[in-house]
Amino acid sequence: MLLNVLGKEVNSLISRPLIRHGSKKVKHKVPEKIPVQLLKDHPTVGLQGEIVRVRPAFMRNYLHRGNGACYLTKEQGPRIPVVEKSRQKERKPVVEAKNETKIVEQVQNQQDESNTGAMSLDELSNLFNTMKSSRKTKQGAETNELQQAFEASTQEIAYTATELQQAIPRVHTVLLNETVKLPIDKSYVASLIYDMAGVQIPHASIKISTPDNSRALLNEITAVGDYTLTLEVPGDRNGVQRTLRIQ
């Protein structure tokens, strides 16, 4: 019995037609705009003091956060003097102002280019040739200076120890007078060597000392007596030693 009853109920359920109930679309109401007063200038909204109508979300999330606008209600009126709508013509969007600035700059640049004028191919070629020739002249001048310095240096050291030993006596006496006075420096010694040997020796190659202490080098002679004169020669460790007697 139970099986028969259950079977009948199952058959009745299966035989029923399926009914699809359509879902109703919920319409979201768009919030109405509310009146607010701008406390600051907004390029896309209005000027300070204007009364405009904006969405509540825009007022809540943007204008009201930075104290850029205030709500207008029955209890609370405008906070600052109201600006009439006629002044809206004075407003200019930021993008429009930037575009105008760019246009002005482009016009000025075009005027500058027209006044200056572009260089022709001939002018560019002449400029390149001038720069090239000036560079060669500068390089040639530097080469000549280096060559002259090298020749001068080789002339100064173009001597040997044998030449100095043959030209300079072992003891050379210098008599003091009105023209030759103490102190005697290396310049005077170099001129003596040039008169005797005909070579120009650098001051750094002239060493002056006393016979008692050859390590104590002197820059000049300040008293009468005998002095050891050591002349350094390139390629010769010992050099040439002579005695310079001042009387």
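Residues 24 or more positions apart supply 54% of the chain's contacts with a separation of 6 or more. The model is predicted, and its mean pLDDT is 75, with 62% of the residues scoring at least 70. The chain contains 6 helices and 9 strands.

Values for the chain as a whole are listed here.

| Property | Value |
|---|---|
| Residues counted as buried | 20% of 247 residues |
| Accessible surface | about 19600 Å² |
| Accessible surface belonging to carbon and sulfur atoms | 53% |
| Average pLDDT | 75 |
| Residues with pLDDT of at least 70 | 62% |

One segment calls for caution. Over residues 152-157, pLDDT stays under 50. Where pLDDT is low, the predicted coordinates should not be read in detail.

Gln37 belongs to strand β1, which spans residues 34-38. Is Gln37 buried or exposed? Its relative accessible area is 0%, under the 20% cut-off, so Gln37 counts as buried.

Which residues does Gln37 touch, leaving aside those up to four places away in sequence? Gly49, Glu50 and Ile51 are among them. Gln37 also touches Gly68, Ala69, Cys70 and Leu72, as well as Pro78, Arg79, Ile80, Pro81 and Val82. With Gly49 there is a polar pairing: a polar atom of the Gln37 side chain lies 3.5 Å from the backbone oxygen of Gly49.

How values were computed
Residues are numbered from 1 along each chain as its sequence is written. This is a predicted model: local features need pLDDT of at least 70, side-chain atom pairs count only at pLDDT 80 or more; totals for chains, interfaces and linings use all residues. Side-chain values use heavy atoms; hydrogens and water are left out. Helices (H or I, at least four residues) and strands (E, at least two) are DSSP runs, numbered from the N terminus. Buried means under 20% relative accessible area, exposed over 50%, partly exposed in between (1.4 Å probe, protein chains only). Contact means heavy atoms within 4.5 Å. Accessible areas come from the Shrake-Rupley method with a 1.4 Å probe; for residues, only the protein chains shown count as cover. pLDDT is the predictor's confidence in each residue, from 0 to 100. A polar contact is a pair of N or O atoms within 3.5 Å; within protein, one must be able to donate a hydrogen and the other to accept it, and residues adjacent in sequence count only if both atoms are side-chain atoms.
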